[in-house]
Amino acid sequence: MAVVERGSTKIWHRRERGKQFAIWAVWLLSTAIFVYCWHLISGKTVWFFVMDAPAQAIDLAARMTPPKWSYMNSLWRPIWDTINIATLGTVIALIIAVPVAFCAALNTTPSVLFVRPVALFIIVSSRSINSLIWALMLVAIVGPGIFAGVIAIGLRSIGFCAKLLYEAIEEIDETQVEAIVATGASGPQKLIYGIVPQVMAAFAGISVFRWDINIRESTVLGLVGAGGIGLQLDASISTLAWTQVSLILLAILATVIVSEWVSAKVRHAII
Amino acid sequence: MLRLEDLGKRYKTGDQALTGINLEVPKGQVMALIGPSGAGKSTLIRCVNRLVEPTAGRAWLDDLELTALGSGALRRARRSMGMIFQEYALVERLSVMENVLSGRLGYVGFWRSFARKFPQSDIDQAFRLLERVGLDHMVDKRADELSGGQRQRVGIARALIQNPEVLLVDEPTASLDPKTSRQIMRLICELCKESNLAAVINIHDVLLAQMFAERIVGLQLGEIVYDGPPNGLTPEVLTQIYGEEDWAATIEAVDDDDNNVEESASGR
Amino acid sequence: MVDSVTTLPGTGRTWSRPPFIKKPWVRWGVWLAVAIYLFVAITSMEVDWSRVIEGLPRGKKFLLAFLPPNFASRWDSIVDGIYESLWMTVTSTVVGIGLSIPIALGAARNLSHPIVYYSCRGIVALSRTFPEIILAIFFVKLFGFGPFAGFLALSIATIGFYAKLLAEDIEDMDAVQAEAVKATGAGWLQWLNYAVQPQVMPRIIGLGMYRFDINFRESAVVGIVGGGGIGATLLTAFDRYEFDSAAAILLVIIGIVMAVEYSSGIIRNHIK
């Protein structure tokens with residue numbers, strides 16, 4: 001009890017003493033870890049450069065303005081490629097994610113012991129690895145280009161979509177499914193009439209959500225050679241063409257804003 | 001004493017919630033505010049402690065003009081107006097004790113309240129009140145573990161630990177069963193008598209209002225249409241407040257109930 | 001019974017499921033547009049199939065490299081890289097969250113003045129615009145190679161994520177509980193401490209764990225552009241086609257991500 005009776009007065013503490021000490025200990029430990037990590041990072045930092053950074057930033061900003069507007073003509077194609085990478089990657093991911101999700105959801109999986117762990121492993125490994133690393137890997141295997149980008153985005157998105165989808169499947173209202181089974185429906189019929197209608201909205205939401213994220217991610221895939229506007233960004237930075245860099249950043253910004261607007265509209269339309 | 005002068009509220013949406021409310025509630029009086037949903041009952045009591053800003057008229061607590069206060073003075077004034085809410089409005093993830101002590105927030109500084117180091121006199125009073133409402137064994141339970149009636153008792157203790165001069169009570173029984181509703185209403189009325197508090201109780205259960213309040217004010221479309229004793233609620237008056245309905249049964253039932261209550265009270 | 005149903009005279013009315021899009025020409029138009037888009041997009045990909053086929057054996061080799069992965073040959077640089085990634089993750093998560101909480105309070109519509117609201121929303125939008133890696137490129141330019149640049153990039157990205165979601169949670173909180181505390185005459189800070197904090201605490205911790213997880217994954221990426229962490233080691237491994245080392249690094253990353261996810265699940269259940 002956090003209430004101590006001392007004579008006739010009762011003294012109240014928010015927590016029992018042991019628990020309070022435990023909380024302090026956790027705080028102390030966390031602070032120590034943070035300070036230690038910070039110490040190690042600062043040991044690897046050349047503070048002279050950091051002090052110099054504001055001057056560098058002003059210099060860089062000066063070199064980046066004004067954006068080289070004429071360069072825009074050679075950016076339309078990369079933007080188109082970027083959008084394609086995101087869209088096709090999302091489509092591929094969804095096609096694979098749907099069966100994986102049904103295998104991973106506790107209430108629809110064919111086998112809890114064998115199929116579910118495999119599906120969960122696919123989800124975890126796809127999610128753990130950033131699309132840029134997938135791209136790095138695929139560029140090494142199938143060579144640079146849009147194709148590697150599409151596959152990278154696809155592989156990265158499988159885990160994300162499948163995870164959200166299987167959580168949605170597990171949250172469905174079982175009584176509705178029961179009602180369908182009670183009519184004498186077969187397994188696939190149960191799926192189509194009892195489960196799919198309940199997760200359809202979630203599925204649509206997830207697709208649009210992931211597409212929006214994928215647009216952002218595909219803008220940088222070019223940094224490792226997997227196509228899209230990132231290629232131009234990489235080239236411009238390495239040739240120190242800063243006025244082009246600023247234009248590319250503006251183009252990325254515009255693409256992201258438009259995609260966010262589109263996905264908000266679509267989401268609004270489905271829900 | 002609480003005094004409202006020509007109080008009015010028009011929401012930004014253009015809805016006129018209250019018009020020309022004139023009301024005086026002396027110390028120690030329990031006043032029930034009845035009326036259909038949307039009549040402005042909630043708005044009225046929230047205009048008193050300015051959780052809702054009135055757009056016309058003035059409100060006075062004794063000699064203090066509530067409607068003229070700046071934000072700091074308003075906070076100090078709120079300390080003397082205890083509020084009890086529909087659906088209890090406890091902070092669910094805080095313990096019973098923390099919820100009760102939150103009634104003292106207006107009296108202690110930020111760091112003290114942050115560290116939960118309230119003056120021992122506050123703690124003593126909290127224990128006394130919890131004992132009075134019958135919850136002294138649940139001090140360290142989290143608010144979301146309590147039943148509806150228990151939560152409302154915590155809500156009452158939170159309002160009373162403020163040492164208020166007036167209680168503003170918003171539908172205290174809306175989500176409680178009939179028996180608990182009566183217990184809660186009785187508790188509120190007793191506590192008001194004990195500490196000589198003025199109370200404004202919003203309630204849409206006419207029976208309960210008649211049973212416990214000594215004065216009834218009927219509100220319809222933001223205007224006072226009845227102000228008088230509980231036994232003045234004739235079918236005509238109820239029709240005026242709520243609209244056409246067969247009111248005979250309601251009123252009879254009240255008489256029966258009153259007798260029962262008196263019997264059980266005298267039987268104790 | 002069944003017979004009596006079938007022998008009833010038909011009404012002559014047919015039924016088919018109403019389509020999602022009512023107007024037929026819009027419906028077919030949408031389908032056609034989708035088909036055309038897919039066709040154009042796929043043909044404009046310009047896949048170099050001979051290169052892809054040439055790569056297949058390499059892909060096979062890469063998959064085989066997982067059995068067993070080679071932890072030994074680059075062990076030292078793997079350990080260094082992972083440590084550096086973890087430092088960056090810890091510091092950037094803590095600093096990012098520290099900066100995010102006040103911004104989230106400002107970016108919650110029910111708490112703040114419109115001017116504060118719009119400026120905080122602006123900060124959030126700004127830090128969400130560019131992916132971590134682009135931020136990292138610029139910070140490497142400004143602050144030099146090493147984990148400091150990565151730390152800054154991840155901290156800023158954390159603000160865009162954390163402040164946005166926390167602000168949404170604050171906007172969703174139960175207004176009545178907040179009102180009740182305000183009615184006691186509590187000051188603003190007291191009100192935050194007694195009414196807002198208890199309601200959003202699970203979210204603060206849950207989002208923090210989630211962001212820690214994301215920051216670790218992203219810390220593997222900022223190294224590709226020189227921002228410190230395991231990314232640089234990974235890049236070298238791929239560049240030199242040392243697939244067995246790359247496989248080892250990927251497994252370490254997956255393992256840590258799983259461990260973080262698992263422990264955050266436990267903590268989250270504990271604080272509910």
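In which handedness of crossing does H5(C) pass H7(C)? I looked this up in a predicted model. H5(C) passes H7(C) in a left-handed crossing.

**Entry: the helix pair in chain C**

I took the geometry next. Helix H5 of chain C covers residues 114-129, and helix H7 of chain C covers residues 147-171. They pack at an angle of about 130°, and their axes are 8 Å apart. I checked that angle against the classes: 65 to 115 degrees is roughly perpendicular and over 145 is roughly antiparallel. H5(C) and H7(C) are therefore oblique to each other.

I then listed the residues in this contact. H5(C) contributes Val124(C), Ser127(C) and Arg128(C). From H7(C) come Ile156(C), Ala157(C), Ile159(C), Gly160(C), Ala163(C) and Lys164(C).

**Entry: the strands in chain A**

I moved to chain A. Strand E1 (residues 3-6) and strand E2 (residues 9-12) of chain A run antiparallel, joined by four bridges. Val4(A) of chain A has Ile11(A) in E2(A) opposite. E1(A) and E2(A) form a hairpin, with two residues between them. I noted Gly7(A) in the turn, where phi is positive at about 65°.

**Entry: chain A against chain C**

How many residues does the contact take from chain C and from chain A? I found 45 residues from chain C and 43 residues from chain A. On the chain C side, several helices each supply at least two residues, including H3 (49-64), H4 (75-106), H7 and H9 (188-222). I sorted the side of chain C that touches chain A as well: 31 residues are nonpolar, seven polar and seven charged.

Terms used:
Residues are numbered from 1 along each chain as its sequence is written. Chains are lettered from A and ligands numbered from 1 in the order in which they are written. This is a predicted model: local features need pLDDT of at least 70, side-chain atom pairs count only at pLDDT 80 or more; totals for chains, interfaces and linings use all residues. Axes are lines fitted to C-alpha atoms, for helices over the stretch in contact, and angles run from 0 to 180 degrees between N-to-C directions. Angles under 35 degrees count as roughly parallel, over 145 as roughly antiparallel, 65 to 115 as roughly perpendicular and the rest as oblique. A crossing is left-handed if the near helix is turned anticlockwise from the far one by less than a right angle, and right-handed if clockwise. Two residues are in contact if their C-beta atoms, placed from the backbone, lie within 7 Å. Two strands pair if DSSP finds at least two bridges between them. Ala, Val, Leu, Ile, Met, Phe, Trp, Tyr, Cys and Pro count as nonpolar, Asp, Glu, Lys and Arg as charged, and the others, Gly among them, as polar.
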